[in-house]
Structure formats: C-alpha cells, structure tokens
Amino acid sequence: MDRRAFLGGGALVLLSAGGFVAADGQNLFYAAITEDFPGGILTAPEAFDQTSRGEITLIDIRRPDEWARTGSGEGAHRIDLRDDDFAARVQAAAGGELNAPVALICARGVRSARVSNQLIQAGFTNIIDIPEGMLGSAAGPGWIARGLPLVTDN
C-alpha cells in the first residue's frame, strides 16, 4: 500500500489503509467520527472479565439485526439504543442505580461513545465505554476477533 506523509497543522500525518494516522499513532478518522468521552474505558477482555465477576453491567446497544448477525458478548444485556425507554431499561439492568458501573458496547465504538455521553447527561455517574466494540476499531480488534464468548440467536 502506498503511504504518503504530509505536514498538516504542524503534525506529521501518514495516509494508511486505516485512514489518516498522526505520528503519535492516533487514528484521525476514528477520532473525527467519535465523540470525546470523559468516563472510563475498557478493552473487550477487561469488560468480559469484569462482567463475569459481576463488577459491571454490560449493555450491547446495537440493533436486533446486529445481535442476530453476530451474537452478543456473554453476559451482556441487549438494549437497542433506539428504544424510547432506553435510559430506564439501562437503569433497570443496573439494579435501578444511576451510580452503578455500566459498560456500553456497540459495533465499533462510535455509538457507544455518543450514548455514554447521553447517559451521563441523563444522570448516570459511572458509564464506561468499550471503544473497540464487537467488530473492532482503531481502539482494538474487538470482542469477536479476540475470541471472547458469544451468545447467539438460534
């Protein structure tokens, strides 16, 4: 693959197959399409471990067709982010507590960052993002590629 470097705004930027990458390794395309998130983040294996130990409530916020296509991470509650009562369902899954640790996962980390911010605005105080998602992103290979357990529809 042809890689070209250019100087943009005082930073060395490389064009690669994954998009524009700054000299510090940050994927600029990924950074541009995701929201800043002030809360915690976990890798997919960390999320699985903490879910398995009952330390966090894991919520798969994707659509039902996505759950059917790939399955969901073992231990995840499936709550479609488009549901009118989404925040109430997340709160119920977390035992009714707004301060309980809740980790969100989507396909590639874009929706989970956005929805994490929305839940914080709704009063949740311990939202955690899994930015690599189920399918992988610049943040990591993703739940599926890491071979973590899945629950699939039959």
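These legends accompany several close-up views of one predicted protein model.

The model is predicted, so local features need pLDDT of at least 70 and side-chain atom pairs count only at pLDDT 80 or more, while totals for chains, interfaces and linings use all residues. Residues are numbered from 1 along each chain as its sequence is written, and side-chain values use heavy atoms, with hydrogens and water left out.

View 1. Helices (H or I, at least four residues) and strands (E, at least two) are DSSP runs, numbered from the N terminus. Of the chain's 154 residues, 40% count as buried; buried means under 20% relative accessible area, exposed over 50%, and partly exposed in between (1.4 Å probe, protein chains only).

**View 2. Helix α5 runs over residues 110-121.** From first C-alpha to last, its 12 residues reach 17 Å, close to the 16 Å expected at 1.5 Å a residue. That expected span is 1.5 Å times one less than the number of residues. Which residues of α5 are buried? They are R111, S112, A113, V115, S116, N117 and L119. Their cover includes α3 (64-70), α4 (86-93), β8 (102-105) and β9. Just after the helix, G123 takes a positive phi of about 110°.

**View 3. The largest nonpolar core has 14 residues.** Such a core is a set of buried Ala, Val, Leu, Ile, Met, Phe, Trp, Tyr and Cys residues joined through side-chain atoms within 4.5 Å. I59, I61, F86, V90, V102, L104 and L119 touch the most other members. Helix α4, strand β8 and helix α5 each supply at least two residues of this core. Apart from it lies another core, of 13 residues, among them A47, F48, M134 and W143. In soluble globular proteins, nonpolar side chains tend to be buried together.

**View 4. L104 has contacts with residues beyond its sequence neighbours.** Contact means heavy atoms within 4.5 Å. Leaving aside residues within four places in sequence, the partners of L104 include I59, I61, V115, L119 and I128.

**View 5. L135 sits in the loop between β9 (127-129) and β10 (150-151).** Is L135 buried or partly exposed? L135 is partly exposed, with a relative accessible area of 39%. Not counting residues up to four places away in sequence, L135 touches T70, A107, R108, P141, G142 and I144. The C-alpha atoms of L135 and A107 are separated by 5.3 Å, although these residues are 28 apart along the chain.
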